[in-house]
Structures are given as structure tokens and as C-alpha cells.
Amino acid sequence: MEGRPISDLNGKVAVITGATSGIGAATARALADEGVSVVLGGRRQERLDGLVAEIGATSVGVAMDVRDPQGSHQLVATALDRFGGFDALVANAGIGAYGGIMDLSDEQLRDMMDTNVAGTVWPIRASVPHFLQRGGGDIVIVASVAGLRGAGDEAVYAATKFAQVGLAGGLDRELRAKGIRVSTICPGGVATEFAMGAGRFPDMPGLAEMLRPEDVAAAVLTVLRQPPSMRTLVWSMRSIHESD
Ligand SMILES: NC(=O)c1ccc[n+]([C@@H]2O[C@H](COP(=O)([O-])OP(=O)(O)OC[C@H]3O[C@@H](n4cnc5c(N)ncnc54)[C@H](OP(=O)(O)O)[C@@H]3O)[C@@H](O)[C@H]2O)c1
């Protein structure tokens, strides 16, 4: 039986939000290792500069805030200017904080909703016209297992992650026929800067047993490498040590 070819990523271009640390930075490095040019988004300029210095001329950093639609337009404009277009968007930027519904401040909750929900919608809206013009593209959303089953002490965070999963399901129905493939990756706990100082701390028990950001990056590469004839709607992945 004839096999389906796995897509070669070499020479492709990817836009990544939340590329300044954790899963986004690991994804940028993994893609760059495969010959993919990367357009890196995040607020911390010094982190962007450091990653661009490490990866080299096939990368460019854009200091941007996903809560502002203009930031995403700037990211896309940079991809067009610098590389002539892009093949994939990895909508990864996100924040979390642990606490009950009455424990977190209005500002913390608003920030979480703006960053995780609006901050996923804006880069997608900025990218879709380009994908439609070029006849296709990949959108990969980094959500969470919290977006599939909820999470105690993280109810609003889980709600934002359910929103991402719902958005992806709708976009799959809307955009698949136009050649745009939408994949959602839902990791369990990942040892990153996520929620540090907001429920997690560097030497907390269990951190070392979580998924590594490189594990999630490998999943992003796997969905991007899929042959054009298939799609992965939701990939739920967890550390072997994580129970429940
Ligand atoms: N770590 C986990 O346990 C875990 C589990 C499941 C899912 N996730 C999801 O994975 C994604 C990446 O998180 P991570 O674990 O890699 O955490 P992280 O190391 O804290 O990275 C978060 C990234 O998002 C960016 N970001 C946050 N707010 C932003 C804003 N307003 N505008 C632009 N960029 C912003 C940060 O960059 P700047 O601060 O430089 O802006 C950073 O690059 C998130 O969506 C998170 O919900 C994480």
C-alpha cells in the first residue's frame, strides 16, 4: 500500500505567539532546527532579542501584545515583509493563575480572559486573509487539558481554554474547505514559567515530573508535518506521572 508522504517543513515559515519562553520558545527552536523561518511574538523585547541572536537570520522578533489586535497585524506584516508570507500560525500565548473564583482580582481575571481568548482570536483573524490568499495554511492552538475537562482552582483559566477548543472546532468547520487546517494541542502540566508566582513556584513538588516544553513543541511539529490529506482536531497529552 502506498504511504502518505509526511510534509517536509524545511523552507516553511511559521508565526508563533508567546515565543519568549516555555512552549513557544521551545517550538521556535524546534522549528528552526527543521529549517523553518520563525516570526516570534511576545512582549519581552530582551527575550526576543536573545532568541533571534540564538536562531539567526531565519528568525525575527516582534514586540507585541496579543490583547491588542494591532499587535497581531504587526506580526503578520513582519512575516510578509521579511519572508514573503507564512505557512503556519502557532497561537500559543497564554497566562494562568491559581485560585478560586473569589481569590483572584478583577484585573487578573480580565487579563487572563483577554490574553487567552481575545489573544487567540486576534492573531487568527490577522492570519486568515493571508492563508485564504495563498490557498491554505495551518493554525495550531495551544490550549490545555483544562479546556477539555475543567480544573479546580483554575475555573476561569479552564473557561478560557474551553473557549479556545470551541473556537478551534468552529474554525475547522468554517475553514477546512478553504485549505486551512486547525489543530488544537491540549497539554497537561508543563514545566515552564507559567503561573510562576501565581500558584506555582520554581522548586514546587511535581514540577520536574511535568511535561517539558520540548514535548509540546514536538507535538506542534507532528501536526504541522501531517500529510495534507489528514488533520488532528484535538491532541490531549499528559506527563506519564500526572494522575487524574
Ligand atoms: N505550563 C503549563 O502547565 C501549561 C499547560 C497547558 C497549557 N499551557 C498553555 O501553553 C501556552 C504557553 O504557556 P507556557 O507554559 O509556555 O508559559 P510561559 O513560559 O509563561 O509562556 C507564556 C508566553 O505567552 C506570552 N504572553 C503572555 N501574555 C502575553 C501578551 N499579553 N502578549 C503577548 N504575549 C504574551 C509570554 O510572553 P511575554 O511575557 O514576553 O509577553 C510567553 O512567551 C499558554 O497558552 C498556556 O495556557 C501551559
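1. A quick word on terms before we start: helices (H or I, at least four residues) and strands (E, at least two) are DSSP runs, numbered from the N terminus. Residues are numbered from 1 along each chain as its sequence is written. Keep in mind that this is a predicted model: local features need pLDDT of at least 70, side-chain atom pairs count only at pLDDT 80 or more, and totals for chains, interfaces and linings use all residues.

2. Let's begin with the ligand. Of the 31 residues around the ligand, the ones that come nearest are Gly-18, Gly-22, Arg-43, Gly-94 and Phe-194; a residue is near a molecule if its C-beta atom, placed from the backbone, lies within 6 Å of it. Two or more residues of the shell come from each of helix 1 (22-33) and helix 4 (106-134), and helix 1 gives the most, with three. By type, the shell has ten nonpolar, 15 polar and six charged residues. Here Ala, Val, Leu, Ile, Met, Phe, Trp, Tyr, Cys and Pro count as nonpolar, Asp, Glu, Lys and Arg as charged, and the others, Gly among them, as polar.

3. Seven strands form an open sheet in the order 3-2-1-4-5-6-7, with parallel pairing; two strands pair if DSSP finds at least two bridges between them. Strand 3 (59-63) and strand 7 (234-237) are at the edges with a single partner strand each, so one side of each has no neighbour in the sheet. As an example of the pairing, strand 1 (residues 13-17) and strand 2 (residues 37-42) run parallel and are joined by five bridges. In strand 2, Ser-37 is the bridge partner of Val-13.

4. On to helix 3 (residues 69-83) and helix 4. Their axes come within 8 Å and cross at roughly 40°; axes are lines fitted to C-alpha atoms, for helices over the stretch in contact, and angles run from 0 to 180 degrees between N-to-C directions. Helix 3 and helix 4 are therefore oblique to each other. For reference, angles under 35 degrees count as roughly parallel, over 145 as roughly antiparallel, 65 to 115 as roughly perpendicular and the rest as oblique. The contact of helix 3 with helix 4 has six nonpolar residues, four polar and no charged.

5. Helix 4 also packs with helix 6 (residues 155-175), at an angle of about 10° and with the axes 9 Å apart. That makes the two helices roughly parallel. Their contact divides into nine nonpolar, four polar and one charged residue.
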